[in-house]
Structure formats: C-alpha cells, structure tokens
Amino acid sequence: MLPPPSANPAPPAVQPPLDPGFGVKYTRPTKRNINHDGTFNVRRQGRSYRPDLFQWLITMSWGRFMGLLLLVFVALNVLFAGLYLLIGIEHLKGAEPGGWGMDFLSAMYFSVQTLTTVGYGTIAPEGVAAGFVASVEALVGVLFTFALLTGVFYGRFSRPTARILFSRQAIISQRPSGTPTLQFRIANQRHSTLVEMKAKVLVMFVQEDGNRHYEALALERKTVDFFPLNWTLVHDITPESPLHGLTAEDYQARSLELLILIKGYDDTFAQNVHARNSYRYDEIEWNRRYTRPYHIAEDGVIVLDLDKLHETEAL
C-alpha cells in the first residue's frame, strides 16, 4: 500500500546561475570575454602552467610566423658565422680573407649552405674545429628545416579553421509589427562549403556587486542547413527577453556583452569547425537595419559582396 502524499511537498531544487565558463564572481572590471579573433582574455601563470611551443607556432598569424621564422634563420646563421670567425677564416677552405666585413660575409655564406644542407662546394671546412662546428650546424639544419618546420607547416595548413566574417557591429532594429530586435550578420570568407550551421548567443550583464549574470538569447533561427550566403541572426526583444525595456544607457551601465559561438561542418576538411566572437555595448548601433549584401549578376549567379556585410542604414 502506497503512503499518503506529504502535506508539505519539498520545494523545487534551486537552479544554479548560468555560467558558460567565464566565471561569475569578479572583484574588478575586466576586458571583454571574447576578442574578435575568437581568443579569450585569460592569461595563465604559475609553476603548473605548461606553455606549448607547437600550439603557439600553429595558432599565431602567418605574418608573425614568417617574421619569427626569418628571425630565427638569421640568428642561427649569425651564431655559426661567429663561431667560424672565432676558429679563424683560414679554416674555411675557399674563403678569401678580405677584412672583417668580407670574412663575416664568407662565414655567413658558408653557414647558410651548411644549415640548409645545400653545399655548393666553393667553401669547405678545414681542420677538426671547423669540421666539428659544420657537423653540428648540419645536424641543426636537418632538425630545424626538415623536421620542425615541415611539421609546423603541415600543422598550419592541415588544421581545420572556420573563416567566419562577423559584421563589425550588431544593431537594434525593428520588425514591421513594431517588435524591436537585436541582430548581427555572419558570412563565410572562404569558398569552402559549410553546412549544418548552429549558433548560440548569450548575453552577459555586470551586476551592481560586480558579479556577472548570463542568460541565453532565443534566436529566430538557431540553425541553417546550408551557408552559401550571409546569415542574419535575430533575437526578438519581447517581454520574455532579458533585453526587454533596456536602453543604450542601460547597456553601458551594465557593461553588456554578447557572447557568440558558431559551429558548422566543413565539407573540405570533413570536420566540425567553430568560430567565436562578441559584441560589447559600444559595438551595438541603435535604430538601424542592414542593407542587402548580395545581388544577381547578368548570368543569373548570386554575387555576395563581403564588404557590404557591415553596411547599415537608418530605419
């Protein structure tokens, strides 16, 4: 026989506050959570921190990577050229003495040949000391050129990444019915095929006590099956929205930030790719609407102009 129901049922469990991973309690203002390049404003330190050189080389920009590569290449050759000069230019057979400057250039020329294992044969080491330094440099060249650089270049080219272009600003617009909306746009910068796109948007407020409050924003469409054109993500600011009734001054007072996560399937790499971005209160334009970023060419092909992704106009 079942026991009678309790006269005082237990209250429902209290749901913990939403925390997407950035934390809730803070003692002072911080920078934005997500930068426009998708990185987080978090700096790690302490004895337990283990920086990863390979990951650093993989994720840095191409400009910085090529600059670092050139710097390391020059530094290695200057180092070994200096060692050859210390041993004596006369121990480099085929190098004609001609003063300090010419001696350094000859040693540098020989160092570049040895490090890259080219070996034209015009200059050769002579003696035990010069031969030993040349052997060490040849080993460094094999490890640096063929092992390390080959792996890094392969990793950089083979790493699947999403080149999603976000509009420079989000906007507060309005539907014909009068309902205000929060919008921003994205597009694929590459010619690759992205499908099964999904979006998740959170809003972050800083409360009076300095702690953070997060809420998920309901989107008009949170998924699209195909992504050949741009995608305008829309949140209706209805009475149920956490943004309802707030003004631009309220956004600033609460240090509002939109946190965005985009996920899709890249048909080229056959892998899922992700993109992240955020918009702060000062990157939201009010009473604007986006202009159409594409047109139909004479041959019937749709032309998407990525430069127009950011264009807005007054309501």
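1. Start with the E6/E10 pairing: strand E6 (residues 194-206) and E10 run antiparallel, with nine bridges joining them. Pairing here requires at least two DSSP bridges between two strands. Strands (E, at least two residues) and helices (H or I, at least four residues) are DSSP runs, numbered from the N terminus. Within this pairing, Val-201 has Ile-260 of E10 as its bridge partner.

2. Some housekeeping before going on. This is a predicted model, in which local features need pLDDT of at least 70 and side-chain atom pairs count only at pLDDT 80 or more, while totals for chains, interfaces and linings use all residues. Residues are numbered from 1 along each chain as its sequence is written, and side-chain values use heavy atoms, with hydrogens and water left out.

3. Back to E10, which also has E11 as a partner. Ten bridges join E10 to strand E11 (residues 271-280), and the two run antiparallel. Leu-261 stands opposite Arg-276 in E11, and Glu-257 stands opposite Arg-280 in E11. The hairpin of E10 and E11 has four residues between the strands, and Ala-270 takes a positive phi there, near 55 degrees.

4. How covered is strand E10? Mostly: seven of the ten residues in E10 (residues 257-266) are buried. The cut-offs are under 20% relative accessible area for buried, over 50% for exposed, and partly exposed in between (1.4 Å probe, protein chains only).

5. Glu-196 has a positive phi near 50 degrees, in a residue other than glycine. Glu-196 is found in strand E6 and counts as exposed because its relative accessibility is 53%. Asn-287 has a positive phi as well, near 55 degrees, and is likewise a residue other than glycine. Asn-287 is found in the loop between strand E12 (284-286) and strand E13 (288-290).

6. Now helix H4. H4 has 31 residues and reaches 43 Å from its first C-alpha to its last, close to the 45 Å expected at 1.5 Å a residue; the expected span is 1.5 Å times one less than the number of residues. There is also a kink of about 35 degrees in H4, centred on Leu-149. The bend at a residue is the angle between axes fitted to the seven residues ending there and the seven starting there. Buried residues in H4 include Leu-149, Phe-144, Val-152, Glu-137 and Arg-156.

7. Phe-157 is also in helix H4 (residues 128-158). Is Phe-157 buried or exposed? Phe-157 counts as exposed because its relative accessibility is 59%. Together with Trp-62 and Met-66, Phe-157 makes a nonpolar surface patch of about 340 Å². Patches are made of residues with over 30% relative accessible area and no salt bridge, with like charges joined within 9 Å and nonpolar side chains (Val, Leu, Ile, Met, Phe, Trp, Tyr) within 5 Å. The areas come from the Shrake-Rupley method with a 1.4 Å probe, and for residues only the protein chains shown count as cover.

8. On to the charges. The structure holds five salt bridges, each being a side-chain nitrogen of Lys or Arg within 4 Å of a carboxyl oxygen of Asp or Glu. One of them joins Glu-283 and Arg-32, with the closest N and O atoms 2.8 Å apart. Glu-283 lies in the loop between E11 and E12 and Arg-32 in the segment before H1, so this pair ties together parts that are 251 residues apart in sequence. Both Glu-283 and Arg-32 are buried.

9. Another salt bridge is formed by the side chains of Glu-220 and Arg-175, at 3.2 Å, N to O. Glu-220 is in the loop between strand E7 (212-216) and strand E8 (223-226), and Arg-175 is in the loop between strand E4 (170-174) and strand E5 (180-188), 45 residues apart. Glu-220 counts as partly exposed at 42% relative accessibility, and Arg-175 counts as partly exposed at 27%. Arg-175, Glu-220 and Asp-236 are linked in a network of salt bridges.

10. Finally, Arg-289 forms a salt bridge with Glu-313, the closest N and O atoms being 3.0 Å apart. Arg-289 lies in strand E13 and Glu-313 in strand E16 (residues 312-314), so the pair ties together parts 24 residues apart in sequence. Arg-289 counts as partly exposed at 39% relative accessibility, and Glu-313 counts as partly exposed at 33%.
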